[in-house]
Amino acid sequence: MALQARSEAGSGTLVEKLGDTLRKAIGAGLFPPGSKLPSEAQLSEAHGVSRTVVREAIASLRADRLVEARQGAGVFVLTPQEPTPAPLLIGNVDPARVSSMIELLELRTAVEVEAAGLAALRRSPAQEEVILERHYAIRACLEAGQSTTEADFALHLAIAEATNNPRFREFLAMIGKNAIPRAALRDEDSEEDQSAYLHLIDAEHADIVEAISRGDEEAARDAMRRHLRGSQARYRALLREQRQPVR
């Protein structure tokens, strides 16, 4: 597999060729994991290139985590890394579409009801404190007349964190804060109506937080179920309002 070109003109191409040659050799098992590659001088002679080309080719292999250099010992082949699984993605979720949000709320209900129950069982004192702080943060936003979306999402993340199962938090993080229902707040609603809606959500959150704090697994599940199903019902009412009568 020697490279015959000896000219330094176009050394970039020589580096690529030598790098590809060594990658193929490693992939074919000619240099198994843990084995030592030939020395710089040996590779230079075998492939008819300068030591500079060899060093750059080895550097590219190191960047790809195929080999590692050990001071005073040489360059050794690494065990291939397992490919990183592709992240789970939920496509075609449009926060502006009521039907899309209903679908997402149904999925959240299936996951977060169990998360609330597990949080009631498994939360640490520190995690419980964070949940309480996140709930108080929502109330502070309400009192200040500020958007509660960020604080609301932070509370749900804190509950997921308290399951001590990282997959619950990863699921919510994947969906993102757009999963927090706010479409039930319409521009034409009065300030009084909007305030009543937000305080209803706060009361639902309070039921969830108190059940978790008591360590009441079933009450936590029931409170989260009521909260998310209530959001579904509010979205469905909005969907019915948006439909035009058939003439």
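Residues are numbered from 1 along each chain as its sequence is written, and side-chain values use heavy atoms, with hydrogens and water left out. Because the model is predicted, local features need pLDDT of at least 70 and side-chain atom pairs count only at pLDDT 80 or more, while totals for chains, interfaces and linings use all residues.

The secondary structure of the chain consists of nine helices and two strands, where helices (H or I, at least four residues) and strands (E, at least two) are DSSP runs numbered from the N terminus. From the N terminus on, the elements follow the order α-α-α-β-β-α-α-α-α-α-α. Of the 247 residues in the chain, 40% are buried; here buried means under 20% relative accessible area, exposed over 50%, and partly exposed in between, with a 1.4 Å probe and protein chains only. A contact requires heavy atoms within 4.5 Å. Among contacts between residues at least 6 apart in sequence, 68% join residues at least 24 apart.

Helix α5 (residues 125-144) has 20 residues and spans 29 Å from its first C-alpha to its last, close to the 28 Å expected at 1.5 Å a residue; the expected span is 1.5 Å times one less than the number of residues. Its buried residues are Gln-127, Glu-128, Ile-131, His-135, Ile-138, Cys-141 and Leu-142. They lie on the same side of α5, because they cover an arc of only 145° around the axis. The arc is taken over the directions from the helix axis to the C-beta atoms. The exposed residues Pro-125 and Glu-143 are carried on the face turned away from the buried side of α5. Just after α5, Gly-145 adopts a positive phi of about 70°.

In α2, the buried residues are Leu-43, Ser-44 and His-47. These fall within an arc of 100° when seen down the axis of α2, so they line one face of the helix. An α-helix has 3.6 residues a turn, so residues three or four places apart point the same way. Just after α2, Gly-48 takes a positive phi of about 65°.

Ala-158 belongs to helix α6 (residues 149-161) and is buried, with a relative accessible area of 7%. Leaving aside neighbours within four places in sequence, Ala-158 is in contact with Val-130, Ile-131 and Arg-134. Ala-158 and Glu-129 are separated by 29 residues in sequence and by 9.7 Å in space, C-alpha to C-alpha. Glu-103, in helix α4 (residues 98-122), counts as exposed at 52% relative accessibility. The C-alpha atoms of Glu-103 and Gln-232 are 8.8 Å apart, and the two residues are 129 apart in sequence.

The largest pocket holds about 170 Å³ of space. On a 1 Å grid over the protein atoms alone, a pocket is an open set of points where a 1.4 Å probe fits, with protein on both sides within 12 Å along at least five of seven lines, and lining residues have an atom within 4 Å of a point. Grid points are joined across faces, edges and corners, and the volume is the space filled by probe spheres set on the points. Of the 13 lining residues, Ser-39, Glu-40, Val-54, Ile-58 and Val-75 are the closest to the pocket centre. Two or more lining residues come from each of α2 (40-47), α3 (51-63) and β2 (74-77), and α3 gives the most, with five. The lining divides into seven nonpolar, two polar and four charged residues; Ala, Val, Leu, Ile, Met, Phe, Trp, Tyr, Cys and Pro count as nonpolar, Asp, Glu, Lys and Arg as charged, and the others, Gly among them, as polar.
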